[in-house]
Amino acid sequence: MTASPVAYSERLWASGRRYRQITDTETQLLAEHLGPGHGRPALDLGCGDGALTRHLHNHLGYRPTGIDCAPSTLATATGPHTDDHPHCQVMDFATDDLSELPDPAYAVITFRLVFRFVTDKGAFLDQVRQLLVPGGTFWVVTELTTDGLTTIPSRAWASPRPESNSSPRADPP
Ligand SMILES: C[S@@+](CC[C@H](N)C(=O)[O-])C[C@H]1O[C@@H](n2cnc3c(N)ncnc32)[C@H](O)[C@@H]1O
């Protein structure tokens, strides 16, 4: 990736690039593990077209904010899917001041297909910890691949590394 992350993402979204749709398995797991939102605040980091942000809002009852650094995502993320769509805004979680988010803390922070874009994963996870309410949930959906695992600090990546003789899964997002 030679362009800045914002320029890179913006170019892809503006050219019509779209990512993996939320599956039934994901929606089942979300319902099981996050439970009903009852209007509690949620934060969808790197929300893209806002599909997960809307799911948190429309199906689980959270009051989510979606942020993405690519301005082109906003038109898709904010409507016209429903009159009562969640709040989405352009923001870079790596460089912008996250204290300017609408809520000081979140019951749920979702991070779907974005982890590989984070350069300083340790610093990022510290920020997430500060934004979660005590006992809150950080929901990560990420690609299964061996690429780049060595750059993730051990405290941020607790899962065992894949067996050396197993086939790496490298499905594109
Ligand atoms: C692969 S897309 C996934 C979008 C969405 N989460 C989904 O599941 O469809 C990754 C998204 O992360 C956003 N992104 C990457 N780095 C970011 C950053 N530092 N701040 C905000 N958004 C970022 C990109 O603009 C892009 O929309």
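**Around the ligand**

Modeller: Of the 21 residues around the ligand, the nearest are Ser9, Gly46, Gly48, Cys69 and Arg112; a residue is near if its C-beta atom, placed from the backbone, lies within 6 Å of the molecule. This is a predicted model: local features need pLDDT of at least 70, side-chain atom pairs count only at pLDDT 80 or more, and totals for chains, interfaces and linings use all residues. Residues are numbered from 1 along each chain as its sequence is written.

Colleague: How do the residues of that shell divide into nonpolar, polar and charged?
Modeller: There are 14 nonpolar, four polar and three charged. Here Ala, Val, Leu, Ile, Met, Phe, Trp, Tyr, Cys and Pro count as nonpolar, Asp, Glu, Lys and Arg as charged, and the others, Gly among them, as polar.

Colleague: Which elements each supply at least two residues of the shell?
Modeller: α1 (5–14), α3 and β2 (63–68) do. Helices (H or I, at least four residues) and strands (E, at least two) are DSSP runs, numbered from the N terminus.

Colleague: OK, zooming out. How many helices and strands are there in the chain?
Modeller: Five helices and five strands. From the N terminus on, they run α-α-β-α-β-α-β-β-α-β.

Colleague: Back to α3. Why is it largely enclosed by the rest of the structure?
Modeller: Because seven of its eight residues are buried. A residue is buried if 20 or more other C-beta atoms lie within 10 Å of its own, exposed if 12 or fewer, and partly exposed in between, with C-beta atoms placed from the backbone. The buried ones in α3 are Ala51, Leu52, Thr53, Arg54, His55, Leu56 and His57.

Colleague: And what covers the buried residues of α3?
Modeller: The cover includes α2 (24–34), β1, β2, α4 (72–77), β3 (87–90) and β4.

Colleague: New topic. How many residues has the largest nonpolar core?
Modeller: That core has 23 residues, and those with the most contacts inside it are Ala42, Leu43, Leu45, Tyr106, Val108 and Ile109. A nonpolar core is a set of buried Ala, Val, Leu, Ile, Met, Phe, Trp, Tyr and Cys residues joined through C-beta atoms within 7 Å. β1 (41–45), α3 (51–58) and β4 are the elements that give two or more residues to this core, and the largest share, five residues, comes from β4.

Colleague: What does Leu45 touch?
Modeller: Not counting residues up to four places away in sequence, Leu45 touches Ile67, Phe93, Ile109, Thr110, Phe111 and Val114. Two residues are in contact if their C-beta atoms, placed from the backbone, lie within 7 Å.

Colleague: How many bridges join β4 to β5?
Modeller: Six bridges join β4 (residues 106–112) to β5 (residues 132–141), and the two strands run parallel. Strands pair if DSSP finds at least two bridges between them. Ile109 stands opposite Phe138 in β5.

Colleague: Let's look at loops. Where is Leu60?
Modeller: Leu60 lies in the loop between α3 and β2. Leu60 has 19 C-beta neighbours inside 10 Å, so it counts as partly exposed. Not counting residues up to four places away in sequence, its contacts are Leu30, Ala31, Leu34, Pro36, Gly37 and His55.

Colleague: Last one: is Gly16 buried or exposed?
Modeller: Gly16 counts as exposed, because it has 7 C-beta neighbours inside 10 Å. You'll find Gly16 in the loop between α1 and α2.
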